[in-house]
Number of protein chains: 2
Amino acid sequence: MLMSPEITPGGYTPPERRLLGPGPSDISTRVLQALAKPTIGYLDPSFVGMMEELKALLRYSFQTRNALTFPVSGPGSAGMEMCFVNLVNPGDKVIVCRNGVFGGRMVENVERCGGIPVIVDDVWGTPVDPQKVADAFRQHPDACVLAFVHAETSTGALSDADTLCRIAREHDALTIVDTVTSLGGVPVLVDQWRADAVYSGSQKCLSCTPGLSPITFSERAVDTVKGRNRKSQSWFLDLNLLLGYWGETTRTYHHTAPTNSLYALHEALRVLQQEGLENAWARHRSNHLALKAGLAELGIEFVVAEDARLPQVNSIHIPGGLDDKQVRGALLQQHGIEIGAGLGALAGKIWRIGLMGYSSRVENVIACLNAMESVLMAQGVKAEPGSAVAAAYRAYAAQATAR
Amino acid sequence: MLMSPEITPGGYTPPERRLLGPGPSDISTRVLQALAKPTIGYLDPSFVGMMEELKALLRYSFQTRNALTFPVSGPGSAGMEMCFVNLVNPGDKVIVCRNGVFGGRMVENVERCGGIPVIVDDVWGTPVDPQKVADAFRQHPDACVLAFVHAETSTGALSDADTLCRIAREHDALTIVDTVTSLGGVPVLVDQWRADAVYSGSQKCLSCTPGLSPITFSERAVDTVKGRNRKSQSWFLDLNLLLGYWGETTRTYHHTAPTNSLYALHEALRVLQQEGLENAWARHRSNHLALKAGLAELGIEFVVAEDARLPQVNSIHIPGGLDDKQVRGALLQQHGIEIGAGLGALAGKIWRIGLMGYSSRVENVIACLNAMESVLMAQGVKAEPGSAVAAAYRAYAAQATAR
């Protein structure tokens with residue numbers, strides 16, 4: 001027998017944190033308690049009833065009537081891969097918009113499915129340019145799929161999904177849309193856009209635990225999946241098999257569903273439903289405006305232009321001379337606040353302050369500004385003590401007056 | 001805006017169940033409470049420390065020193081697919097042993113990777129025949145991988161992993177071993193077997209929530225993965241990318257780790273460590289023997305011969321004339337007990353009584369026998385009331401005397 005390892009006595013207790021990065025976001029006690037309810041079987045009639053409610057709640061949050069709407073048993077990147085392995089066949093031409101890390105991941109997915117990516121590049125921090133997409137379709141009229149990221153988590157830029165989906169339809173192409181960071185934070189209107197395959201994540205603006213990826217497929221996309229003449233390269237993500245469990249009529253075993261995470265998602269979606277989607281969007285915007293007002297007092301500038309700025313991912317330039325890791329370390333160690341680093345080409349150049357879901361609260365905006373001011377001033381940044389928080393409160397007051 | 005759906009007020013509350021099917025198993029309050037601890041960031045230094053303990057605890061449960069040992073962010077079928085997509089290339093010949101549903105799933109995986117499966121069939125309910133495997137290698141000396149299921153969840157049969165791995169080594173082939181149902185219930189000795197890629201599930205004898213798949217790769221398997229000259233067909237399951245997050249030196253973002261499920265797995269493995277692997281195996285055996293003694297009083301026969309019988313999956317023939325669904329329905333509705341149905345070719349012919357992990361307790365054996373006796377007698381089965389439970393207690397007493 002191999003020796004038993006030495007483990008910290010008493011079990012693991014996570015430190016207290018405010019999660020103000022690009023996900024996971026803070027999770028309410030209500031959702032954590034749902035997570036911890038006793039596990040039951042994934043074919044239990046009671047559980048199956050809960051699944052139906054879960055699907056209905058997801059349809060509400062996606063604003064769709066799509067029958068095929070359910071959470072994939074894996075993180076957002078599994079949801080992404082589910083869309084590609086079911087809709088892209090070897091030799092298929094796919095127009096992929098790349099204006100950040102996740103567009104790049106879509107390119108990887110196309111390649112690994114044996115597809116041919118036609119890449120439409122935009123500067124990181126800017127939205128996808130619809131004109132370039134239209135041009136790409138003109139140059140590649142045989143492209144059968146358009147893939148793009150609605151809300152680029154790596155940059156904080158929001159793209160015009162409505163227009164992009166329209167362009168794809170004009171060229172009879174299906175759309176694959178990443179709404180990992182947008183769902184619940186800004187309008188995601190699947191039916192209005194007439195998007196075909198849309199995936200998201202549980203741990204951003206839904207404020208559920210990480211590990212689930214809600215997806216929804218239009219009837220057109222489902223027909224494509226059902227009409228495949230070769231099996232999907234993934235067994236785990238094969239929609240034709242998964243329909244047997246999550247579909248309308250049967251409940252056939254495919255894999256063991258992550259019961260407890262699904263309880264939590266059900267509760268997180270109830271929270272969203274009770275607040276109302278429009279109120280949730282307004283709250284994200286309100287807290288963003290207050291944060292922005294405060295950050296301006298610290299001389300901090302946003303990466304993304306105002307008209308494409310995500311309220312839930314505040315990407316900001318690291319002020320000149322400051323050490324990325326040192327500042328983030330001080331925020332974490334001294335203030336218990338996690339903010340996000342830059343990814344890929346933006347590593348070391350930007351920070352990403354997430355105000356997502358349950359993290360998008362007044363107290364977090366204020367705590368973040370207080371902490372930022374304290375840490376930045378200790379690093380030599382000039383600012384009027386208390387001015388950031390004061391500006392945030394003025395922004396909240398102005399919003400109240402405007403209503 | 002689409003209408004908000006009508007949802008049961010007050011949220012979802014699962015009914016009380018004893019999970020005596022083939023997984024998920026009952027989860028202790030201790031593990032459920034760990035699950036509900038506050039979410040923190042997956043790159044938080046505190047979280048990273050917990051990850052290292054988790055890897056050490058998994059090495060203990062797998063009895064391996066393999067550096068590459070971690071939980072995949074998905075169910076067992078994702079763990080299975082991770083092994084295949086990283087080790088099997090198009091054109092590779094893979095010997096796959098099929099003595100139940102999960103061997104068949106392995107065949108699917110080989111095919112979807114473009115590999116050529118050489119199928120070694122054995123009757124469902126029997127273990128894999130090593131002689132047939134040796135013969136297959138003689139007929140296909142170019143086979144580079146042997147894949148088999150250690151503990152077939154669909155039948156309850158245990159195969160001789162030690163011998164099978166030795167045969168593969170003699171032919172210089174890697175092994176992919178499914179230990180989803182065996183880990184924690186019967187000896188899984190990865191280093192002693194010199195197995196190469198071994199995956200399991202969280203929701204069986206580890207009694208953690210469903211949704212994670214512990215895996216471990218030998219150095220030889222890791223070298224194969226690192227030496228690939230084409231990318232794995234899956235981005236989500238690409239070990240060369242995942243090594244950046246779960247590996248020894250770096251903690252690079254790949255996907256958002258399922259934080260809370262990992263807390264729970266850490267705690268479930270601490271529970272196992274505190275009991276001790278050998279004690280856990282002995283407990284599974286003890287409760288199986290008591291159940292067996294009780295079932296004999298009800299005239300119930302096992303599917304698998306005694307020498308290959310899994311103590312944690314008790315596959316039994318449905319007594320003649322009884323209605324499968326009616327009996328399972330009565331157990332669930334009247335007694336809150338879930339037992340498993342037959343899968344695939346065995347559907348409607350067998351039941352599977354799981355005594356896995358935290359479900360493998362005296363009180364569950366007794367409750368199960370009382371409920372079975374009551375439901376079967378109501379269906380006309382002749383038995384002496386109370387005899388099943390009495391036999392179980394005699395079996396426990398005999399074990400106590402023997403020690």
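## Helices α2 and α10 of chain B

The crossing of α2(B) and α10(B) is left-handed, a term used if the near helix is turned anticlockwise from the far one by less than a right angle, with right-handed used if clockwise. This is a predicted model, in which local features need pLDDT of at least 70, side-chain atom pairs count only at pLDDT 80 or more, and totals for chains, interfaces and linings use all residues. Residues are numbered from 1 along each chain as its sequence is written, chains are lettered from A and ligands numbered from 1 in the order in which they are written, and side-chain values use heavy atoms, with hydrogens and water left out.

Helix α2 (residues 45-62) of chain B packs with helix α10 (residues 259-275) of chain B at an angle of about 45 degrees, and their axes are 9 Å apart. Helices (H or I, at least four residues) and strands (E, at least two) are DSSP runs, numbered from the N terminus. Axes are lines fitted to C-alpha atoms, for helices over the stretch in contact, and angles run from 0 to 180 degrees between N-to-C directions. α2(B) and α10(B) are therefore oblique to each other; angles under 35 degrees count as roughly parallel, over 145 as roughly antiparallel, 65 to 115 as roughly perpendicular and the rest as oblique.

On the α2(B) side, the residues in contact (heavy atoms within 4.5 Å) include Phe47(B), Met50(B), Leu54(B) and Leu57(B), and those of α10(B) include Leu262(B), Tyr263(B), His266(B) and Leu269(B). By class, the contact of α2(B) with α10(B) comprises 11 nonpolar, 4 polar and 2 charged residues. Here Ala, Val, Leu, Ile, Met, Phe, Trp, Tyr, Cys and Pro count as nonpolar, Asp, Glu, Lys and Arg as charged, and the others, Gly among them, as polar.

## The seven-stranded sheet

In chain B, 7 strands form an open sheet of mixed pairing, in the order β2-β10-β9-β8-β5-β3-β4. Two strands pair if DSSP finds at least two bridges between them. β2 (68-72) and β4 (116-121) of chain B stand at the edges with a single partner strand each, so one side of each is left without a neighbour in the sheet. Neighbouring strands of this sheet are turned by 15 degrees against each other on average, direction ignored.

Strand β3 (residues 93-98) of chain B runs parallel to β4(B) and is joined to that strand by 6 bridges. Val118(B) in β4(B) is the bridge partner of Ile95(B). α2(B) lies across β2, β9 (197-199) and β10 (213-217) of chain B, at about 105 degrees to β2(B).

## The four-stranded sheet

A further open sheet, of 4 strands, has the order β1-β12-β13-β11 (chain B) and mixed pairing. Its edges are β1 (18-20) and β11 (313-317) of chain B, each with a single partner strand, so one side of each is left without a neighbour in the sheet. Neighbouring strands here are turned by 30 degrees against each other on average, direction ignored.

Helix α12 (residues 324-335) of chain B packs on this sheet, touching β12 and β13 of chain B, and its direction makes about 160 degrees with that of β12(B).

## Helices α13 and α14 of chain B

Helix α13 (residues 362-378) of chain B and helix α14 (residues 387-402) of chain B pack at about 155 degrees, with axes 8 Å apart. That angle makes α13(B) roughly antiparallel to α14(B). The crossing of α13(B) with α14(B) is right-handed.
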